[in-house]
Amino acid sequence: MMSAVINTPTQAMPAAMPRRDSSSQAAFWLFWAAVVILGLFVPSVVASKYVMGVLVNSIILGVAAVAVGFLACQCGLMMFGAAAVTGSATYIFAIAIARYSFSTGAAVAFTLFATTALCAIVGALIMRTRPLPFAMLTLALGQMLKSLVMTTDMRPITGADDGLPLTFSGTFLGFTQSQMSKPESFWPIAWLAICGVVLLAWAVGHSRLGQVLRAITANEERMRFSGFNTYWPRVIAFTLAGFMGTVAGLLAGLHQAFASPELLDFLTGGNALISMLLGGFGTVLGPVLGAVLFVLGQEKFGSSGHLELLTGVGVVLVIAVFPRGAMGFIHDSWAWLRGRLPSKKKEQARAAD
Amino acid sequence: MDLSQVLSASQIANALALASLLTILASGLALIFGLRDVMNFGHGSLFMLGAYLSYSLGGLMNFWAALVIVPVLLGAIGVAFEYLAIRPLQKRTHMEIALVTFGLSLIITQLIVKGWGPTALSISSPPVLSGSIDLFGKPYPVYRVFLIFMGFGTCLALGYWLKYTKSGMHVRAASQQPIVARMMGVNTDRLSLLVVCLGTSFAGLAGVLAGPYLSVDPNLGASILISCLIVVVIGGLGSIGGAIAASVLYGFIHVMGSIHSPTLAVLAPFIMLFVVLLWRPQGFGSGRVT
């Protein structure tokens with residue numbers, strides 16, 4: 001019964017053997033540590049600037065998609081307005097630098113703190129609602145922020161529709177502005193950021209908090225009767241997702257050094273949501289895969305102007321045919337290749353949910 | 001500022017004009033949600049499609065023909081929506097269907113950009129309605145008065161249908177207790193086809209009516225969808241009465257706010273939304289179709 005409810009990332013970790021075995025657990029950690037370290041050397045292998053640009057953009061989108069996927073997987077909540085979080089992070093960062101002349105490092109620290117704190121406050125309000133109003137509220141929040149930064153009253157602060165171009169003062173972790181604007185030299189920051197965010201999402205998913213969250217999603221009433229607080233864990237989950245979204249917004253701010261109202265647009269938030277759906281949100285890495293696919297699609301079809309049309313078709317198809325996304329598809333094919341058909345019982349239990 | 005400035009007759013009329021558009025849209029949204037549990041994120045783009053179709057039909061024939069034909073066409077889209085999207089996905093969660101409608105809205109918006117181009121179009125009101133009338137000593141566009149009558153007239157007709165006819169009673173029953181209604185011999189599938197058609201053709205009607213009132217561009221759908229969602233959440237999901245009350249409130253806040261402080265006008269609906277959800281998370285109305 002619980003196995004149907006818990007869509008834990010274990011399903012996606014091919015290295016995850018039975019977890020009680022300590023030697024295979026050590027192998028599991030070694031494998032992923034090696035992936036993280038080897039990942040740092042990607043720019044020295046990939047010579048093409050174009051490919052590096054695609055990879056960095058996938059990572060920025062991927063971090064946001066992991067945040068959206070975290071909330072979808074742990075709380076069953078779809079954040080339509082992910083742009084509200086990522087966009088406000090970029091804006092807070094930009095305002096701190098352009099209007100209050102923070103140094104880059106201080107602005108990063110301030111943004112992480114301020115945006116996460118704001119998410120905690122918004123979460124405390126928004127988590128009182130059911131999933132459907134939640135989706136609409138986050139959508140409305142993003143739209144409100146977009147209208148707000150575009151009003152003439154806010155022009156002295158946000159630059160309205162001109163946006164805010166940034167000039168960094170000082171370096172961030174030893175990186176200068178021109179280094180961060182180039183994908184190949186920005187890579188280490190982006191790579192470590194996404195590894196950190198994925199680790200955070202994975203760790204929370206495997207913690208007691210994750211179990212409580214999924215149990216609340218499955219049956220909130222029963223959890224309340226069993227003496228669990230069903231409100232605060234979800235507020236914490238929203239705050240954590242907000243923190244991950246902030247990281248995505250910060251990466252965008254550091255890399256592009258520009259904040260514009262489009263960052264808060266309905267469609268920008270939609271991209272993260274669509275990436276998550278494409279990749280499948282049952283696993284932590286699914287949204288990352290989805291983001292890579294999405295950015296590749298953007299590169300391929302963006303110039304022809306068919307991108308949004310295909311995105312729409314993609315969303316409909318994925319939901320109708322592959323509800324568990326590309327990662328679910330890969331997982332099933334992997335299981336099938338190993339001669340182990342995807343267990344029918346699990347599928348039925350999922351359908352019954 | 002004195003009170004007459006805050007509440008002049010023409011501003012009240014402006015608020016009602018916006019509210020009447022929102023009531024048509026929100027009641028369509030509420031109907032579909034009440035019966036099918038589907039939150040249609042594509043409602044805004046259907047509305048926009050209605051406005052664009054009325055632009056083309058208005059050019060070919062005239063406004064009045066568009067006013068009749070467009071809702072029928074959108075009703076046909078509703079049939080397709082019911083058979084191709086809602087029924088096959090009936091067993092899925094609300095969220096998955098909502099995401100499908102979100103995908104459909106992206107598709108419709110892009111088809112509109114392909115078909116009519118990305119620039120804003122303006123639609124002139126029909127000659128009969130293009131003048132202005134005297135409203136308490138000040139001239140006021142006749143078209144907006146017509147809009148108000150059409151908006152609230154449609155809602156009254158809908159209310160009458162739901163309250164006093166047999167099929168309306170079935171809709172109310174099926175949206176409150178679908179299983180019991182089916183046991184009592186109500187054909188809920190046929191009913192939901194009717195309701196989805198009605199909901200989408202209402203979106204088309206609102207689109208035609210909005211043509212001469214708003215500027216028609218590809219962002220229209222997303223912006224009206226947000227207003228509509230705010231209205232249905234404040235009104236109580238699925239409650240038509242609540243949606244009408246919330247539309248009027250939204251119209252007033254928007255118009256009053258835009259006169260005194262544009263920033264406040266932008267924020268007020270959202271602040272209202274948060275206040276309502278904190279104070280009464282289920283919204284004003286009693287929920288469902290009542």
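Select A:S260 to begin: with a relative accessibility of 11%, this serine counts as buried, where buried stands for under 20% relative accessible area, exposed for over 50%, and partly exposed for what lies in between (1.4 Å probe, protein chains only). The model is a predicted one, in which local features need pLDDT of at least 70 and side-chain atom pairs count only at pLDDT 80 or more, while totals for chains, interfaces and linings use all residues. Residues are numbered from 1 along each chain as its sequence is written, chains are lettered from A and ligands numbered from 1 in the order in which they are written, and side-chain values use heavy atoms, with hydrogens and water left out.

Staying with A:S260, you will find this residue in the loop that runs between strand 2 (258-259) and helix 14 (266-279) of chain A; helices (H or I, at least four residues) and strands (E, at least two) are DSSP runs, numbered from the N terminus. If residues up to four places away in sequence are set aside, A:S260 touches A:Y91 and A:G163, a contact being heavy atoms within 4.5 Å.

Next, select A:A257, which sits in the loop between helix 13 (232-256) and strand 2 of chain A. This residue has a positive phi of about 50 degrees although it is not a glycine, and it is buried, at a relative accessible area of 12%. Most residues other than glycine have a negative phi.

From there go to A:S101, in the loop between helix 5 (82-98) and helix 6 (104-126) of chain A. Its phi is also positive, near 40 degrees, in a residue other than glycine, but A:S101 counts as exposed, with 61% relative accessibility.

Now show the whole of chain A, which holds 18 helices and two strands. Of its 353 residues, 51% are buried, and among the contacts in chain A with a separation of 6 or more, 76% are made by residues 24 or more positions apart. The accessible surface of chain A comes to about 15,800 Å², and carbon and sulfur atoms account for 68% of that surface; such areas come from the Shrake-Rupley method with a 1.4 Å probe, and for residues only the protein chains shown count as cover.

On that surface, select A:V313, A:L317, A:V321, A:F322, A:F329 and A:I330, which together make a nonpolar patch of about 530 Å². Patches are made of residues with over 30% relative accessible area and no salt bridge, with like charges joined within 9 Å and nonpolar side chains (Val, Leu, Ile, Met, Phe, Trp, Tyr) within 5 Å. Helix 16 (307-321) and helix 17 (325-337) of chain A each supply at least two residues of the patch, and the largest share, three residues, comes from helix 16. A:F322 lies in the loop between these two helices and counts as partly exposed, at 38% relative accessibility.

Finally, display chain B beside chain A: 32 residues of chain B are in contact with 38 residues of chain A. The area buried between the two chains, meaning the accessible area (1.4 Å probe) that both lose on being put together, summed over both, is about 3,500 Å², of which carbon and sulfur atoms give 85%. On the side of chain B that touches chain A, the elements giving two or more residues are helix 5 (94-116), helix 10 (220-235) and helix 12 (262-279) of chain B. The largest share of that side, 13 residues, comes from helix 5 of chain B.

Note on methods
A salt bridge is a side-chain nitrogen of Lys or Arg within 4 Å of a carboxyl oxygen of Asp or Glu.
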